[in-house]
Amino acid sequence: MSAMTDTGHADAHHGPAKGLMRWVLTTNHKDIGSMYLWFSFFMFLAGGFMAMVIRAELFEPGMQIVEPEFYNQMLTMHGLIMVFGAVMPAFTGLANWMIPMMVGAPDMALPRMNNWSFWILPFAFALMMSTLFMEGGGPNFGWTAYAPLSTDYGPKSTTFFIFAIHMMGISSIMGAINIIATILNLRAPGMTLMKMPLFVWTWLITAYLLIAVMPVLAGAVTMMLMDIHFGTSFFNAGGGGDPVLYQHVFWFFGHPEVYIMILPAFGIVSAIIPAFARKPLFGYTSMVYATASIAFLSFIVWAHHMFTVGIPVTGELFFMYATMLIAVPTGVKVFNWITTMFRGAMTFETPMLFSLAFVVLFTLGGFSGLMLAIAPADFQYHDTYFVVAHFHYVLVSGAVFAIIAGVYYWLPKWTGHMYDETLAKTHFWLSFIGMNLTFFPMHFLGLAGMPRRIPDYALQFTDFNMIASAGGFLFGTTQLLFLFVVIKCVICGKKAAAKPWEGADGLEWSVPSPAPYHTFSTPPDVK
Amino acid sequence: MAFSFLRSKLLSEDSIFRREGKTGSAARMALVAVAMFGFGFLLVPIYDVMCKAIGINGKTDPNPYKVVEAKVDTSRKIKIQFIATNNAAMSWEFGPTVKEIEVHPGEVGSLSFYARNPTGKRMTAQAIPSVTPFKGTDFLHKTECFCFTTQTLDAGEEIDMPLKIIIDQDLPKYIKKLTLSYTLFDVTDM
């Protein structure tokens with residue numbers, strides 16, 4: 001029987017095609033995953049370069065390097081590229097690579113659409129970044145694109161920005177549909193939902209969030225498009241609309257988006273911490289329910305981003321308490337990670353170091369989030385550097401650290417080589433120090449009243465800004481070391497075993513390293 | 001009970017996530033995405049209804065108020081202040097002829113706003129009113145207002161625009177002062 005299958009499907013065992021067209025036409029989840037990951041890394045460098053421009057300008061008070069208009073474009077592009085170009089595609093890349101292998105599927109459920117999901121992205125970002133060279137410059141209204149800044153006062157290129165957002169939305173909706181279809185239909189026999197690795201669970205829930213809110217963002221920018229070109233007044237008070245409506249629609253998308261960028265990170269550290277603590281994950285079931293609760297709550301807290309627009313006291317109280325409620329399931333997760341490590345036989349390889357930093361620093365970012373959730377206090381913190389510090393702690397030391405941890409953890413599986421542990425640990429420590437040097441002083445700057453999104457500042461903020469800039473340059477250049485470590489691993493790393501981590505668990509470690517081009521053509525037996 | 005029901009619905013083999021075939025899942029998800037795109041637009045009327053229902057936003061009734069009874073509550077006087085703002089890039093001279101008036105609830109207060117178009121071209125404007133505190137919004141009635149329609153002025157033309165206000169006798173006792181603000185928008189060619 002098996003001999004017959006082999007001859008009958010001989011063409012299913014071919015290797016990758018040769019040349020450039022392999023990458024253009026590929027429907028292989030591993031190829032597409034790699035492309036997503038490389039794309040997101042280059043976007044990370046591009047967005048990071050813009051952050052360097054911002055930090056260079058803020059190194060000293062006064063206008064030093066760039067014009068204020070260009071500064072605004074830099075901070076807008078930095079936000080858009082990091083959210084839609086770096087973090088989200090990196091998670092989708094990890095999902096493409098790992099989910100089929102984790103659930104014992106031969107590939108993603110809809111491989112042709114998978115190819116399309118990826119290839120829309122380079123064009124979307126080419127379109128968006130080309131606006132920087134257009135007359136009037138690129139988008140300069142912040143990644144949130146509040147009306148009327150974006151409608152009445154935006155540059156001419158705003159239309160291209162809108163179409164780029166549409167394309168990114170289509171790409172991530174298709175990616176999400178594919179992930180759901182894969183998880184629900186292609187699991188190996190015996191792989192029940194409650195046996196799935198937590199990374200698969202968190203991505204399943206994330207994919208639902210994406211499908212629910214990316215279309216709402218598409219709607220918001222479509223209304224913006226109509227206000228600009230077709231004479232409607234969705235956000236124009238002069239025509240009976242309301243600019244505050246934009247903020248409601250945007251944040252109805254925007255808050256679940258925040259969890260889209262962190263739930264898969266929870267999944268990654270939930271895979272890594274048990275592996276290096278050599279104990280199974282504590283409280284698997286509660287992790288699943290906590291993830292689902294966070295996803296549900298993310299839909300009913302959006303107005304905490306707009307406490308100062310003049311919502312009624314009852315509304316402020318509702319959104320304040322609902323927001324604080326999120327700390328409960330998040331606390332369950334942090335508790336479970338710590339309990340997993342408790343009395344474990346821990347070792348501290350690079351993936352574990354990044355995961356540990358994740359647990360500590362993400363929790364710190366969560367705490368500053370709780371401070372911001374207090375409606376009366378938020379009137380003071382709103383639009384200050386305190387907010388900037390908060391969301392960089394959850395996004396850089398949260399999402400980005402988890403992605404890097406995942407990359408180090410699965411690199412041996414992808415490439416068949418081990419990375420250089422010494423260089424990788426150097427990368428970790430420099431990132432850890434650079435990250436904290438950059439963003440920790442921003443807490444103080446914000447509490448002292450420095451407003452965000454302004455290219456100049458009062459003299460008393462100079463010292464902390466210099467520290468932040470120095471840390472920023474350190475963190476930024478350190479990521480070039482990351483690039484070097486990955487390239488070195490691909491080209492000349494030591495040979496890796498099928499299961500290079502002693503305590504690792506999961507189907508992905510049952511296939512050889514590097515993972516063959518096609519895995520699980522016959523479903524594995526899951527006990 | 002409810003929890004175990006939910007659990008069986010979500011996680012057992014005949015759950016709502018049962019294997020329905022990958023195209024089935026994909027089609028269902030695509031449908032959800034389309035529905036959510038529609039929901040984004042549905043948020044527009046929902047927002048208006050919510051603002052009206054919970055009385056936020058300071059948006060006053062865009063229609064003239066029909067006087068029901070002319071009983072004047074002489075026991076208290078309400079101070080009404082007027083603010084005029086030009087939306088950015090709106091070049092008209094625009095402002096109230098008096099900064100504030102005092103009226104008894106139920107009594108008609110009259111004043112006028114002045115507007116002049118200093119530009120060399122014919123322009124149309126729309127004034128958008130807003131009342132603070134928000135709790136007082138429903139109790140400030142306008143029987144005559146230039147904000148009910150757009151105003152068109154020729155180059156250099158000026159106009160006195162009358163405004164008649166009645167404060168409802170049901171105005172909560174703790175509100176002693178209302179601020180009526182107008183923002184003038186340029187709606188030429190809109």
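**Entry 1: chain B, contacts and burial**

I began with the contacts in chain B that have a separation of 6 or more, and found that 75% of them are between residues 24 or more positions apart. I note here that the model is predicted. I then looked up burial: chain B has 190 residues, and 21% of them count as buried.

**Entry 2: chain B, secondary structure**

I listed the elements of chain B and got two helices and nine strands. Reading along the sequence, I wrote the pattern down as α-α-β-β-β-β-β-β-β-β-β.

**Entry 3: a sheet in chain B**

I looked up an open sheet of four strands in chain B, and its order is 2-4-8-6. The pairing in this sheet is antiparallel. Which strands are at the edges? I found strand 2 (93-96) and strand 6 (140-144) of chain B there, each pairing on one side only. From one strand to the next, the twist averages 30°.

I went on to the pairing of strand 2 of chain B with strand 4 (residues 108-116) of chain B, where I recorded four bridges. These two strands run antiparallel.

**Entry 4: chain A against chain B**

I turned to the interface and found 28 residues of chain A in contact with 28 residues of chain B. On the chain A side, helix 6 (158-185), helix 7 and helix 8 (243-260) each supply at least two residues. Which helix of chain A gives the most to this side? Helix 7 of chain A does, with seven residues. I sorted the chain A side by class and counted 22 nonpolar residues, six polar and no charged.

**Entry 5: the two domains of chain A**

I took the division of chain A as domain 1 (32-234) and domain 2 (262-511). Their C-alpha centres lie 19 Å apart. How many residues of domain 1 of chain A are in contact with domain 2 of chain A? I have 36 residues of domain 1 in contact with 39 residues of domain 2.

For the side of domain 1 that touches domain 2, I noted helix 3 (29-58), helix 4 (68-103) and helix 7 (198-229) of chain A, each supplying at least two residues. Helix 4 of chain A has the largest share of that side, eleven residues. By class, I recorded 27 nonpolar, six polar and three charged residues on the side of domain 1 of chain A that touches domain 2.

Note on methods:
Residues numbered from 1 in each chain as written. Chains lettered and ligands numbered in written order. Predicted model: local features only at pLDDT ≥ 70, side-chain atom pairs only at ≥ 80, totals over all residues. Domains from an automatic or database assignment. Contact = placed C-beta atoms within 7 Å. Nonpolar A, V, L, I, M, F, W, Y, C, P; charged D, E, K, R; others polar. Pairing = 2+ DSSP bridges. Axes fitted to C-alpha atoms, helices over the stretch in contact; angles between N-to-C directions. Buried ≥ 20, exposed ≤ 12 C-beta atoms within 10 Å, placed from the backbone.
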